[in-house]
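Thanks for coming, everyone. Please have the sequence and the model open while I talk. I'll go through charged pairs, the disulfide, the cores and the confidence.

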Amino acid sequence: MTTFDPEQTPTLTAFGIDPELVAAPQPAGAGPLNLQAPVTVPVFRADAGADGDADAADSVAGAVADAATVTAADAETGDVAATDNESNVDEGESADEPAGAAEAGDPEASETEAPAEEPHPVTAEATTLAAPAALAVTPGEPEPEPAGDESPVHLDERAPSATASAANAAESATAAELPRGMGRKRTRTKLPKAPKPRTRRVPKSRVAEARSARNKAAFARTVGIIGAAGIVASSVWVLGWMPLPEQHAQAPVATITPKPGEQVRVCPGPLQQLGLTSKADAISSVGSAKIHEAAEAPGAPKITELGDEGPVAYSVPGMNGDTHSQLGVSQSVEATGKKSSGFSVTSCSQPVPSQWLLAGNTVAGHNSVLDVINPGDVPARVNFALYTDKGPVRPTIPEAVLQPGERKQVSLAGVAADAGAIAVRVEATGTPVVAYVHQTAIESLHPKGSDIASATALPATRQVIAGMHVFARPVQDDDAPTTLGTVVRMMNPGDTDLNATITFISASGERTTHEVPLTAGRVVDMPITTLPEGEYTIVVDADAPILASGRMAPLDGGEFAWIASSPEINGKTMVSIAEGPNPKLALANPSDADRTLKVNGKDVRVRAGTTVYMDEPSGADVTLDNAEGIYAAVYYSGSGAISGMPVLSGNPDATPIQVVR
């Protein structure tokens, strides 16, 4: 092995290498590494010969020359790899880690492995590398600047610098010549890490940006909806448990009694019958009307005849001094002849703008005539609505204009043929009118009775037929003919189907109840087949306004009579008892409280849910006072004659009304 003379060997500073950059970490207490100690560099082995020595020297000289061209700026920015103690030792690595790269011949990381023995200091006889004189650099002198026509050498940042490589080679050579027992410390040159590739963010396209904006908006809406729903649910829950302040205010109600005008009652006159002449549609008058009036007024009632043998109007002033006038008028007609029979008593009604009539039918052998009278001083425009057991009739009766004092008669068979049950609504504008239904029955050319029916009480949730006689039936079934026995006729004038409750109250107060479905716009006849014969007050209740009337007929079919539902009496009224067989006054109290009223000045008590019957003489006047809550009717019965009429208010215009302020 060739040994270099240390005195003739220049130091690393002569080659432009900073000794501090190649100083290896030393054990504690050891001096700095002396590169002039006798060291045998492995690349100048003796077995290589002279040629090998020359080639090695040339290689070292070339590496040193290349390193000299590196500028100070390159060294400051990190082009020259630092080999000091802090940068060469990796953090966290153990001193006993095997030297992988150096033993494997890795030129970029030369490692020396130190045994566990106590390290020895480097001797002063260290050899140095010879360098050409042209490359010698005096210590302390600045590095020569490159010439103007020369360019600085740009080194690859990822490759180790020539200075570091040369220093590592020198240190490796020095470490190789150290005795095996000397302390050698493993070092590793940490190469600069390759810079991370810079990723350039590609800008989003407009479509992507719009999609992203939509997604964000949808997300925001979803969150908002969920939040709002949560707030609403929480509020509902809180409000459901939290008692809210309540305020109750009752509107003041005032009862006002209007000042009545002139009181008018119109009687229909004789019975109107079809088929008595050669003309099938000709209407003839049958019988004569016996009229009886009862009045409390400042004079006798004024009588106005509306045509020959026709209707008659009675009128009195509305006030009798400081009190209200009272007027009650009724008529009775007895029909006799080969084609006519029967007895009828009718309450003479006050003209009204709207009224309902539930009477008559047009089945074989039965004729019904609608009679409308205008007792006013101006024309009346009258419209009609006709209903049967099959529903509304289309087309109905045409509109009619009635001149003052005129009457109009219409055969219902010509509008609704073969109708088992009929209801007619009459509405007038211009002036109020009065309407009646005249019905006759003929069987095998033999008359079977007649009647003149007045308007029933206006639609209400409760209808009362006071004290009607019920005829027993030998056959108790729902298919019994409605032309015989007792029948309750009902109608639902509304637009919605409903159920009605019918209560039959006997004279002793016993009650029998039935449920009846009522289809909107249809007329229903319910035959009474299960009650014992006797007098009953019939009460019809429903959740919506309805109409009701009754029909009485003995089983022999020789006579019949219609009875309209009675209005509730308010205060005082006058009852006119028309001439007829065995008149009887019925006073019904369907309420739950007893009532005491005055009949012709005498107290009469009517217990709750009962009916009181009082025989009255024919042609009598009866005064009812303090009769609030009472429903009344008058019935007649005799040989071949039955009839009935409701008791109407003596001054309906003076009925108190309640006004909510």
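How many salt bridges does a search of the whole structure find? The search finds nine. A salt bridge here is a side-chain nitrogen of Lys or Arg within 4 Å of a carboxyl oxygen of Asp or Glu.

A word on the ground rules. This is a predicted model, where local features need pLDDT of at least 70, side-chain atom pairs count only at pLDDT 80 or more, and totals for chains, interfaces and linings use all residues. Residues are numbered from 1 along each chain as its sequence is written, and side-chain values use heavy atoms, with hydrogens and water left out.

Arg489 sits in strand E22 (residues 487–491) and Asp525 in strand E25 (residues 523–527), so the bridge ties together parts 36 residues apart in sequence. Strands (E, at least two residues) are DSSP runs, numbered from the N terminus. Are Arg489 and Asp525 buried or exposed? Both are buried. Buried means under 20% relative accessible area, exposed means over 50%, and partly exposed is in between, using a 1.4 Å probe and protein chains only.

Next, Arg381 and Glu399. Their closest N and O atoms are 3.0 Å apart. This pair links distant parts of the chain, 18 residues apart. Arg381 is in strand E14 (residues 380–388). Glu399 is in the loop between strand E15 (391–392) and strand E16 (400–402). Arg381 has 42% relative accessibility, so it counts as partly exposed. Glu399, at 44%, is also partly exposed.

Then Glu427 and Arg425. Their side chains meet at 2.5 Å, N to O. Glu427 is partly exposed at 32%. Arg425 is partly exposed at 29%.

Now the disulfide. The structure holds one. The cut-off is a pair of cysteine sulfur atoms within 2.5 Å. Which cysteines form the disulfide? Cys267 and Cys348, with sulfur atoms 1.9 Å apart. Cys267 lies in strand E2 (residues 263–267), and Cys348 in the loop between strand E11 (342–347) and strand E12 (354–357), so the pair ties together parts 81 residues apart in sequence. The S-S torsion is about 105 degrees, so the disulfide is right-handed. Cys267 is buried at 1% relative accessibility. Cys348 is buried too, at 2%.

On to the cores. A nonpolar core is a set of buried Ala, Val, Leu, Ile, Met, Phe, Trp, Tyr and Cys residues joined through side-chain atoms within 4.5 Å. The largest has 34 residues. Met490, Ile502, Phe504, Ile538, Val540 and Tyr635 touch the most other members. Several strands each supply at least two residues of this core, among them E22, strand E23 (498–506) and strand E26 (534–552). E26 gives the most, with eight residues. Look at Ile538. Beyond its neighbours within four places in sequence, Ile538 has contacts (heavy atoms within 4.5 Å) that include Val464, Met468, Val488 and Phe504. A second, separate core has 29 residues, including Val372, Leu386, Val393 and Ile422.

Last, confidence. pLDDT is the predictor's confidence in each residue, from 0 to 100. The chain mean is 76, and 65% of residues reach 70 or more. Over residues 63–141, pLDDT stays under 50. Residues 1–9 also stay under 50. Where pLDDT is low, the predicted coordinates should not be read in detail.

Notes: Helices (H or I, at least four residues) and strands (E, at least two) are DSSP runs, numbered from the N terminus.
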